Amino acid sequence: MLKLYAMFLTLIFLVELVAAIVGFVFRHEIKNSFKSNYVNALKEYNSTRDYRSEAVDKIQSTLHCCGVTDSGDWEDTNYYSETGFPKSCCKLEGCTPQRDKDKVNKEGCFIKVMTIIESEMGVVAGISFGVACFQLIGIFLAYCLSRAITNNQYEIV
């Protein structure tokens, strides 16, 4: 059973290692995918509160930004032609949707999100490295204990 445990732990470690390598190698594709999905979310933005619209609102209100690259991205959407900028773009609390560019945040959300992700990569890498070290120690100790049991060096009390 200890060998089986060590094998499963090794398998999980290898999956984590492959995921980390793939994430590092394809980080530019991840950025491009996020940007294209965010552009699509703006184009399909509506007031029916689906999960994509809620995500756009949450990002814009939390980071105090508007649009993908700037607030002008909203001008190409159906929502803007019907009602103007969404409330989450407003600089001030409690403003209503409108077309006045002076009352909305001008900076785009893509750069802000990527800056936050890149600044937190050190923390994520450190935690991942710590977890990997504990897994390697667990694998090593499980194999050592398994070997000790098979060599009859473990006394049954």
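Me: What are the helix and strand percentages over residues 121–143, and how far apart are the end C-alpha atoms?
Reply: This is a predicted model. Over residues 121–143 the chain is 100% helix and 0% strand. The end C-alpha atoms are 33 Å apart.

Me: Which feature does UniProt place at residues 121–143?
Reply: The UniProt record, an unreviewed entry, places a "transmembrane region" there.

Me: What makes Ser 146 buried?
Reply: The relative accessible area of Ser 146 is 8%. Buried means under 20%. So Ser 146 counts as buried. Ser 146 sits in helix H6, residues 121–150. Not counting residues up to four places away in sequence, Ser 146 touches Leu 2 and Lys 3.

Me: Why is H1 called roughly perpendicular to H2?
Reply: Two packed helices are described by the angle between their axes and the distance between the axes. The axes of helix H1 (residues 2–25) and H2 cross at roughly 70 degrees and come within 4 Å. The range for roughly perpendicular is 65 to 115 degrees. The crossing angle falls in that range, so H1 is roughly perpendicular to H2.

Me: Which residues make the contact of H1 and H2?
Reply: H1 brings Gly 23, Phe 24 and Val 25. H2 brings Arg 27, Glu 29 and Ile 30. By class, the contact has three nonpolar, one polar and two charged residues.

Me: Why is H2 called roughly perpendicular to H3?
Reply: Their axes cross at roughly 110 degrees and come within 9 Å. The roughly perpendicular range is 65 to 115 degrees. So H2 is roughly perpendicular to H3.

Me: Which residues of H2 and H3 meet?
Reply: From H2 come Asn 37, Tyr 38, Asn 40, Ala 41 and Leu 42. From H3 come Arg 52, Val 56, Ile 59 and Gln 60. By class, this contact has five nonpolar, three polar and one charged residues.

Me: How do you know whether Ala 41 is buried or exposed?
Reply: Ala 41 has 8% relative accessibility. The cut-off for buried is under 20%. Therefore Ala 41 counts as buried. Ala 41 belongs to helix H2. Leaving aside neighbours within four places in sequence, Ala 41 is in contact with Arg 52 and Val 56. The C-alpha atoms of Ala 41 and Glu 54 are separated by 9.8 Å, with the two residues 13 apart along the chain.

Me: What does Val 56 contact, leaving aside its neighbours within four places in sequence?
Reply: Val 56 is in contact with Tyr 38, Ala 41, Leu 42, Tyr 45 and Trp 74.

Me: Which residues have the most contacts inside the largest nonpolar core?
Reply: They are Tyr 38, Leu 42, Val 56, Trp 74, Phe 85 and Cys 89. The core has 19 residues. H5 gives the most, with four residues.

Me: Which residues of H5 are buried, and what covers them?
Reply: The buried residues of H5 are Cys 109, Phe 110, Lys 112, Val 113 and Met 114. Their cover includes H2 and H3.

Me: Why is Cys 95 called buried?
Reply: Cys 95 has 18% relative accessibility. Buried means under 20%. So Cys 95 counts as buried. Cys 95 is in the loop between helix H4 (78–83) and helix H5 (109–119). Beyond neighbours within four places in sequence, Cys 95 is in contact with Lys 87 and Cys 90.

Me: What makes Asp 100 partly exposed?
Reply: Its relative accessibility is 31%. Partly exposed lies between the buried limit, under 20%, and the exposed limit, over 50%. So Asp 100 counts as partly exposed. Asp 100 is also in the loop between H4 and H5. The C-alpha atoms of Asp 100 and Phe 85 are separated by 8.2 Å, and the residues are 15 apart along the chain.

Me: How do you know that Thr 62 is partly exposed?
Reply: Thr 62 has a relative accessible area of 47%. Exposed means over 50%, and buried under 20%. Thr 62 therefore counts as partly exposed. Thr 62 lies in helix H3. Thr 62 and Ser 88 are 8.6 Å apart, C-alpha to C-alpha, and 26 residues apart in sequence.

Methods. Residues numbered from 1 in each chain as written. Predicted model: local features only at pLDDT ≥ 70, side-chain atom pairs only at ≥ 80, totals over all residues. Heavy atoms only, no water. Helix = DSSP H or I, 4+ residues; strand = E, 2+ residues; numbered from the N terminus. Buried < 20%, exposed > 50% of the residue type's maximum accessible area, 1.4 Å probe, protein only. Contact = heavy atoms within 4.5 Å. Core = buried A, V, L, I, M, F, W, Y, C linked by side-chain atoms within 4.5 Å. UniProt positions renumbered as here; feature names shortened; annotations may be inferred. Axes fitted to C-alpha atoms, helices over the stretch in contact; angles between N-to-C directions. Parallel < 35°, antiparallel > 145°, perpendicular 65-115°, else oblique. Nonpolar A, V, L, I, M, F, W, Y, C, P; charged D, E, K, R; others polar.
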